[in-house]
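I opened the model to look up a few things about one chain and its neighbour. My notes follow in the order of looking.

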Amino acid sequence: MLACARTIRRSLSPTKAAIQIRTAGGLQSKFVADICRGCIDAPCAAACRCGALIAREGGGVRFIPHKCIGCKDCVEACIIGVLEFDEDSNKPLVCVQCGTCARFCPHQVLTLEERPI
Amino acid sequence: MSERTIKVLEINLSEEKIEVHHRKDLNYLLGGIGVASKLFAESVNPQLDPLAPEQPVVLANGPLSTIFPVVTKVVAVFRSPLTGEWGESYAGMRLALAMRLAGFQAIVIHGRAHAPTYLSIGPRGVKFKNASALWGLNVGETGSILRRLEPNRGHRSTIRIGPAGEKCVSFASVNVDTYRHFGRLGLGAVFGAKNLKAIVIHGDKDEPIPDSKAYNKVYRDIYQRVVKTDIMDKYHGVGTAININALNNLGGLPTKNLQSGTFEQAGNISGESFAEQSLIRKMACSGCPVGCIHIAMRRREFGPGYEYESKAISYDHELIFALGSFIGMTSQEKVLDLIDLVEELGMDAITAGVALGWVTEAYQSGIVDEATLGTKVDFDNAEGYIEVLKNIVYPPNSFYATLARGTAAAAEKYGGKDYALTLAKTEMPGYHTGHANVLGLTVGARHSHLDNAGYSVDQKHREQRDLEKMVDDLITEEKWRNVLNSLCICLFARGIYDPETVVSALGSIGINTTAEELNALGEEIFKTKHEIRIKLGYNLDRLTFPKRFFDTPSLTGRLSSENIKRMLEIYKSRL
C-alpha cells in the first residue's frame with residue numbers, strides 16, 4: 001500500500017494505493033489483498049464509455065487519465081470489487097501492473113506473475 | 001517546510017467538547033515523547049490522584065510515522081496508578097498510521113465521561129458514543145463488535161480496555177489492534193477511571209510527498225538496510241523469544257521468582273520450540289517490513305463432548321519470561337493459556353507474572369493462606385494462577401484489592417519485600433544481567449529495560465566493570481532514545497536510525513535539523529521528564545532494592561548492594 005501510494009501517486013497516504021490490504025474478519029483472521037487480478041477482456045474497460053480504460057493484451061488495463069470523466073462505471077463493473085475510486089482526483093485508482101508492491105514485499109507474500117491463458 | 005505545525009486534538013470527556021490546537025511552538029520537539037512530555041507537563045496536576053478525572057492522557061506519533069520503515073509507534077504519557085509517578089508506554093500495530101490518516105499528531109484526553117463511552121475519532125471530528133453494551137466485555141469481544149460498528153476498514157485502529165481497566169487494576173493495559181499494547185504502568189486503569197472503554201481512530205487523508213525524488217532516495221536506502229541486516233533474522237525469524245534460550249544459557253533468565261537465573265525446562269518454552277510447535281503466522285505493524293509479531297495457535301477443549309476451540313495468541317520474550325520461566329511453567333500450552341487470560345482481562349503480562357511470583361512465595365512462607373487466596377498456588381500450576389488473576393480483577397477480599405495495586409503495594413502491606421521483584425514500584429522485566437540492569441530499571445523514566453538498555457551495558461562492561469562508565473552509558477543511551485522516541489521509531493531499528501540517518505530522513509520531508517540539535521533535544525526531554533517525575537513523587541533518596549537481586553547470581557555474576565549504592569551516587573552527581 002505504502003509502496004504503491006508513494007511510487008505511483010506520490011502520496012504518503014496508503015488510501016491512494018491501488019492495492020489495499022485488509023483482514024477477512026479482524027486481525028485474528030486472514031489478511032486479504034484487494035488488488036486487480038488483471039482480467040482478460042477486463043469488464044472495467046468494457047464498461048468505460050469515454051475511452052479512458054483500454055483492455056491490454058494478456059490481461060489488465062491501460063488508463064488514460066485525461067479521458068476519464070469520473071463516472072465510476074468502471075468501479076461498478078469490477079467483478080471482485082477491488083477497483084477503488086479517489087474522490088480527490090475524481091478518478092479510479094487503477095493498477096498499472098508495475099510490480100512495485102511485490103518488489104517492496106520482503107516476505108514473498110506478493111508476487112507479480114504473468115496470467116496463464 | 002515552514003507551514004509545518006503540530007496538530008493537537010484535545011478531548012474533554014466530562015463536557016463532551018473538543019478543540020484542535022495548531023502548535024507551531026512544539027515543532028522543535030519533533031513529535032512523540034518530545035511533544036507528549038510537553039503537553040503532559042502543561043496539564044498534569046501533581047496534587048491529584050493518578051485516577052482523578054482531571055489528569056490527562058497524551059497520545060503522540062511523529063513526523064516520520066509509517067512513512068519510513070519501522071517507524072511504527074505511538075507514545076502514551078499519563079500519571080501511572082502503579083507508581084504514582086511518570087507513566088510512559090509505546091504501542092504499534094495500526095495506531096500511528098490511523099492517527100496520521102486522521103490528521104492529528106497528538107491527542108490529549110481529560111475529564112471523565114458521565115457513563116461508559118467510546119470515542120470515534122476521524123478527520124471530520126470526534127463522536128462520543130455510548131459504550132454501555134461494551135462495558136464488562138473482554139478485550140477480544142470488544143474489538144469484534146467495534147470493527148463492525150466503525151468505518152474505514154484497513155485504515156483504522158481500535159484501542160480498548162478489558163475488565164481489568166474498568167476495575168482500575170493499577171497494571172491494566174490498553175490493547176491496540178488485538179496484538180499490541182500500551183502494556184506497562186497502568187494506562188488501562190486511567191481509561192477505566194475516565195469511563196473510556198475504547199477509541200477507534202480512522203482516516204482517509206491524502207498527504208502529497210513534498211519532494212518525491214529526495215524522499216524515495218532516503219526511503220530506499222533505509223529500506224535496503226532494514227531488510228538486509230540481521231534485525232530481519234533476529235526479529236522476524238524466531239522473534240524476540242530467541243532470548244529465552246540465549247539468556248538461559250548465560251544464566252540471566254529470571255526463573256521461579258528469581259530464585260534462579262536458569263530454568264531447567266527452558267527448552268520447552270524457548271522461542272525455537274514455540275516456532276516449531278505452535279507458530280502459525282507472523283505480522284507487522286503498519287510501515288514495518290520486518291514483521292516481528294509472532295502468533296501461536298492454542299487448541300483446547302472447552303467442554304465435554306469433543307467441544308474444541310482454537311485461539312491465535314501473540315507471544316514474545318517478555319510474555320514467555322513473565323508467564324513462563326518466572327512462574328516455572330513447563331509447557332507452551334500453560335504459557336499460552338495464561339497469556340490468553342491476561343489478554344482478555346486486559347492487564348500487563350510482565351506485571352501480572354511478577355505479581356504471581358510474589359504470591360507463590362508469600363503463600364509458601366505463610367504470609368497468605370489458601371482461604372484468602374481461594375486456591376492453592378505453586379510454580380508450574382496454571383490452574384491456581386488463573387484463579388488468582390481473575391480474583392485480582394474481581395477482588396473477593398482486601399488482599400486481592402491490595403494486590404490489584406501491584407506487587408510493591410502488596411509487599412508493603414503483607415511483607416515479603418525481599419522477594420517482591422520490583423524496582424521503583426515497577427515489576428522487573430525478563431533480564432537478570434547485572435548492576436547496570438538493576439540501576440537502569442530503577443532510574444529509567446519508566447523503569448523499563450527499554451529506557452537505557454542496562455542489560456546491554458552489563459554485557460559491554462563484563463570484562464572490566466567500571467561503575468562510572470556504566471552509569472554514563474546508561475544516561476547517554478536514555479538521552480538518545482528520547483530522540484528516537486520523539487520520532488516514535490521502533491527501538492528494534494535503533495541500530496539503523498543513527499543520527500546521520502535521522503537527519504537525512506527528516507531532511508527528505510523538509511524538516512531540517514542537525515545531529516547537534518537532535519542531541520540537545522534528547523537532553524532537554526531527559527530533563528523535562530526528570531523534573532515532572534520529581535513533582536509526582538519520585539525520590540532518588542528513597543529507593544530500595546529487594547534482597548533477591550543480590551542473592552541470585554546474574555549473567556555477570558553476583559551483584560553487590562554497595563556497587564548499586566555507588567552507581568546511584570554517581571547517577572545523582574550527573575543530573
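**Domain 1 against domain 3.** I looked up this contact first, and found 33 residues of domain 1 of chain B in contact with 27 residues of domain 3 of chain B. I count two residues as in contact if their C-beta atoms, placed from the backbone, lie within 7 Å. On the domain 1 side, α1 (32-43), β4 (74-79) and β5 (86-91) of chain B each supply at least two residues. The largest share, 5 residues, comes from α1(B). By class, I get 17 nonpolar, 11 polar and 5 charged residues on that side. Here Ala, Val, Leu, Ile, Met, Phe, Trp, Tyr, Cys and Pro are nonpolar, Asp, Glu, Lys and Arg are charged, and the others, Gly among them, are polar. Helices (H or I, at least four residues) and strands (E, at least two) are DSSP runs, numbered from the N terminus.

**Ground rules.** The model is predicted: local features need pLDDT of at least 70, side-chain atom pairs count only at pLDDT 80 or more, and totals for chains, interfaces and linings use all residues. Residues are numbered from 1 along each chain as its sequence is written, while chains are lettered from A and ligands numbered from 1 in the order in which they are written.

**Domain bounds.** I took these from the domain assignment of chain B: domain 1 (6-202), domain 2 (240-401) and domain 3 (426-574). Such bounds come from an automatic or database domain assignment. The C-alpha centres of domain 1 and domain 3 of chain B lie 26 Å apart.

**Whole chain.** I found 24 helices and 17 strands in chain B. The radius of gyration of chain B is 22 Å, close to the 25 Å that the globule rule gives for 575 residues, so chain B is as compact as a globular protein of that length. That radius is taken over C-alpha atoms, and the rule is 2.2 Å times the number of residues to the power 0.38. Along the principal axes, the C-alpha atoms of chain B fill a box of roughly 65 × 60 × 50 Å. I then checked burial: 55% of the 575 residues of chain B count as buried. Buried means that 20 or more other C-beta atoms lie within 10 Å of the residue's own, with C-beta atoms placed from the backbone; exposed means 12 or fewer, and partly exposed is in between. Of the contacts in chain B with a separation of 6 or more, 69% join residues 24 or more positions apart.

**Chain B against chain A.** How many residues does each chain give to the contact? I read 24 from chain B and 18 from chain A. On the chain B side, α3 (139-149) and α6 (212-228) each supply at least two residues. That side has 8 nonpolar, 9 polar and 7 charged residues.

**A covered helix.** I turned to α17 (residues 435-443) of chain B, where 9 of 9 residues are buried. Among them are His435(B), Asn437(B) and Thr442(B). The cover includes α18 (449-452), α19 (454-460) and α20 (467-486) of chain B.

**An open sheet.** I traced 3 strands of chain B in the order β13-β14-β15, with antiparallel pairing. β13 (279-283) and β15 (307-315) of chain B stand at the edges with a single partner strand each, so one side of each has no neighbour in the sheet. The twist averages 30° from one strand to the next; axes are lines fitted to C-alpha atoms, for helices over the stretch in contact, and angles run from 0 to 180 degrees between N-to-C directions. β14 (residues 293-303) of chain B pairs with β15(B) over 9 bridges. Two strands pair if DSSP finds at least two bridges between them. I noted one bridge: Ile295(B) has Ser314(B) in β15(B) as its partner.

**Positive phi.** Most residues other than glycine have a negative phi. I flagged Leu258(B), with a positive phi of about 60°. Leu258(B) lies in the loop between α8 (242-250) and α9 (271-277) of chain B. Leu258(B) counts as buried because it has 23 C-beta neighbours inside 10 Å. I also flagged Ala453(B), at about 55°, in the loop between α18 and α19 of chain B.

**Met99(B).** Which residues does Met99(B) touch, not counting residues up to four places away in sequence? I list Asn61(B), Val74(B), Phe104(B) and Ile201(B). Met99(B) is in helix α2 (residues 95-102) of chain B.
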